[in-house]
Amino acid sequence: MAMPRPTVAQLVYGSCTVIFSTFAMLLLSGASSGAGVAIVAVSALALGLLVAMTVPLPRSRAAAAARPAAVSRLQAPRPVRATVAPPAREPVRERAAS
């Protein structure tokens, strides 16, 4: 079984999370030692990996076609009936003959 490749959205979200969380944690913690910077970097990488893995994956067409038709009918949204009231009638105005 082959491992699925990451999508573009997963790569972008994960990379942005790593970059921004690293800057934020370094600024907020004030870490200046090598060990402090290493801890911040490792925790930012872990957070970026978590964000990248939680981005929803697109469903394949084969999986959608494999669903039974009865299940898809039950899950399909039902049409909504819209009722519109008829416009209110205005009294007819007659012009006076001059």
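Start by selecting tyrosine 13: its relative accessible area is 47%, so this residue counts as partly exposed (buried is under 20%, exposed is over 50%, and partly exposed lies in between, with a 1.4 Å probe and protein chains only). Tyrosine 13 sits in helix H1.

A word on what you have open: this is a predicted model, where local features need pLDDT of at least 70, side-chain atom pairs count only at pLDDT 80 or more, and totals for chains, interfaces and linings use all residues. Residues are numbered from 1 along each chain as its sequence is written, and side-chain values use heavy atoms, with hydrogens and water left out.

Select Val8 and Val12 along with Tyr13, and you have a nonpolar surface patch of about 310 Å². Patches like this are built from residues with over 30% relative accessible area and no salt bridge; nonpolar side chains (Val, Leu, Ile, Met, Phe, Trp, Tyr) are joined within 5 Å, and like charges within 9 Å. A salt bridge here is a side-chain nitrogen of Lys or Arg within 4 Å of a carboxyl oxygen of Asp or Glu. Areas come from the Shrake-Rupley method with a 1.4 Å probe, and for residues only the protein chains shown count as cover.

**Now colour the whole of H1.** Helices are DSSP runs (H or I, at least four residues), strands are E runs of at least two, and both are numbered from the N terminus. Pick out Gln10, Gly14, Thr17, Ser21 and Thr22, the buried residues of H1. They cover an arc of only 125° around the axis, so they lie on the same side of H1; the arc is that of the directions from the helix axis to the C-beta atoms. Turn to the face away from that buried side to find Val8, Phe20, Phe23 and Leu27 exposed. Just after H1, click glycine 30, which has a positive phi of about 70°.

**Next stop: H2, residues 34–54.** What do the buried residues of H1 pack against? They pack against H2, with contact meaning heavy atoms within 4.5 Å. On H2, select the buried Gly36, Val40, Ala44, Gly48 and Ala52. Their arc is only 135° around the axis, which puts them on the same side of H2. These residues pack against H1 in turn. On the other side of H2, the exposed residues include Ile39, Leu45 and Met53.

**Zoom out.** The chain has four helices and zero strands. Buried residues make up 11% of its 98 residues.
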